[in-house]
Amino acid sequence: MLAIETLGRFERLRGVEVARAILKGAFGLELQLVTERGPLAHQRGAVMAGSSAICRAALFSRAGFARCDAHYRAIGAVADAREQALGCHLGLGTLAVPAQTPEGVLYVVASGFSATSLDGVPPVDPRGLAHALAALDPTLDEVSKLLAELPVVRGDRIATVRTILRVAAREIADDAEDELRRITPRAARGLAPSTDAPSGGAEAPSAPGLFGLLGASPRMRAVFDVVRKVAASDANVLIVGESGTGKELVARAIHEHGARRSAPFVAQSCAAISSELLESTLFGHVRGAFSGATRGSAGLFGAARGGTLFLDEVAEMPMPMQAKLLRVLSDGTYLPVGAVRPQTTDVRVLAATHRDLPAMVVSGAFRQDLFYRLHVLAIELPPLRERAGDLGLLLARFLAETPDAPRRVSATATRCLEKYGWPGNVRELRAEVERWSVSAAGATEVGPEHLSRAVREAGGYGSVGERDEAIREASAGTRTLEEAVEALERALLVRGLERTGGNRTRLAKELAISRTTLLERLKRYGME
């Protein structure tokens, strides 16, 4: 998944800027970069651009915004990187050209026009378009004027528009490839799968990163660029990313390297406290404000005065609290529970969520005005599965911080780690390494048998203990003999690959079978 920061870099490429200027000047069209999350402008929290006054008028209605957003998301969701020619919910034409990057595909899009020769999309019917606009907004005036200003791309000029979009897409793909080539040598040093070399050690502290945050992948380098700039400002920041990606670590790094570093850093998860208590937790209360309030409290805004307040899982905040938070962000004042005199505060707010806030805004579950207040600056943290090359760097760091774990990770265990999807992200990887201090205690290196079951099975290695369990169950008549034999065979292959360091030719000789037979067995058990 492409980060917002990466998309922003693509937008500033000279070839993309030239393509945008030509489309605007010669055709009256807007160039947009689109992923499965919609246009870049929308992802940044800005208003989606429309190529025509009709598009802009449609976007003012809730239904029009939702349909336009769904149209762009559908374009970005096409993963097979093919050019698209289609109509939107109003029947206006859209051309989308893919740009393939190592981090995923994005589309360079021109939309909101009428074409006389667009594959599968008929020319716009003025009456039908006027009717569709009226259905979205019955109060819309001067529809005829909007229709007169609609961009029209005639005849072979469609081919010219396609060529311009392809030029921009090629520029993006080339830039992404150059960036990957530039950082790959550093990232490739992260994971040392050889059983002869340690995966962790004293080099971990000097690994690439920023402010104690670790990473060398293109996604994390883009994050570091934004974090460096954000730390130097005092604006509100929204940090988004899946659970376990390190949102609080980023918030702490921003605080500790900003102008407020000498003041308090206060963190609170909005999902970890009931909605009834959240207001007094954040804004404080006066004595006697409610049952049990035997003394007053300054609340977290008071505790963080002059410093930074980190609100994790802000999307879980109920609507009434969203309105109160908006007021603090707007004018710096708030009213403690039970108080009659407003308090003022000087606090920088950093917010985080794993939810899709733009979608929540569209559905009405999150206030749009609060979203824009929080979304002054945005940082998107990628999941671990999309951080190519960073697994080894993180593994080395965590091994260095876990003294009772072995210093080395075997080749087969490494393959399991690399194939696993890490739904819990960096937090899950840290927990996995910490458990090795028990599961691999006394071992010289970490093998598949020391990994947690899910990680082990991702690499095709079932538990060796399954062998004994299968044999016992077969003896008791609750499992077939064939299943017991398969469990035994799998266990022999796991141990054999460990013993031979993954040397399949040597293992075939030890097992007295041909190499072809061995490869067939490995394929059968997903261990190839």
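Visitor: Which strand does strand 2 (residues 38-39) join through two bridges?

Guide: Happy to start there, with a predicted model in which local features need pLDDT of at least 70, side-chain atom pairs count only at pLDDT 80 or more, and totals for chains, interfaces and linings use all residues. Residues are numbered from 1 along each chain as its sequence is written, and side-chain values use heavy atoms, leaving out hydrogens and water. Strands are DSSP runs of E with at least two residues, helices are runs of H or I with at least four, both numbered from the N terminus, and two strands pair if DSSP finds at least two bridges between them. Running antiparallel to strand 2 and joined to it by two bridges is strand 1.

Visitor: What is the bridge partner of valine 34 in strand 2?

Guide: Strand 1 and strand 2 form a hairpin with two residues between them. Within strand 2, valine 34 is partnered by proline 39.

Visitor: In strand 5, which residue is the bridge partner of glutamine 32?

Guide: Strand 1 is also joined to strand 5 (residues 104-115), antiparallel, by four bridges. The partner of glutamine 32 there is valine 109.

Visitor: Which strands are the edges of the open sheet of five strands?

Guide: The order is 10-11-14-9-15, with parallel pairing. Pairing on one side only marks the edges, strand 10 (265-269) and strand 15 (377-380).

Visitor: Which residue in strand 14 stands opposite phenylalanine 310?

Guide: Strand 11 (residues 308-312) and strand 14 (residues 348-353) run parallel, joined by four bridges. Opposite phenylalanine 310 stands leucine 350.

Visitor: How are helix 22 and helix 23 oriented to each other?

Guide: Helix 22 (residues 504-511) and helix 23 (residues 515-524) have axes 9 Å apart, at an angle of about 105 degrees. Axes are lines fitted to C-alpha atoms, for helices over the stretch in contact (heavy atoms within 4.5 Å), and angles run from 0 to 180 degrees between N-to-C directions. Under 35 degrees counts as roughly parallel, over 145 as roughly antiparallel, 65 to 115 as roughly perpendicular and the rest as oblique. Helix 22 and helix 23 are therefore roughly perpendicular.
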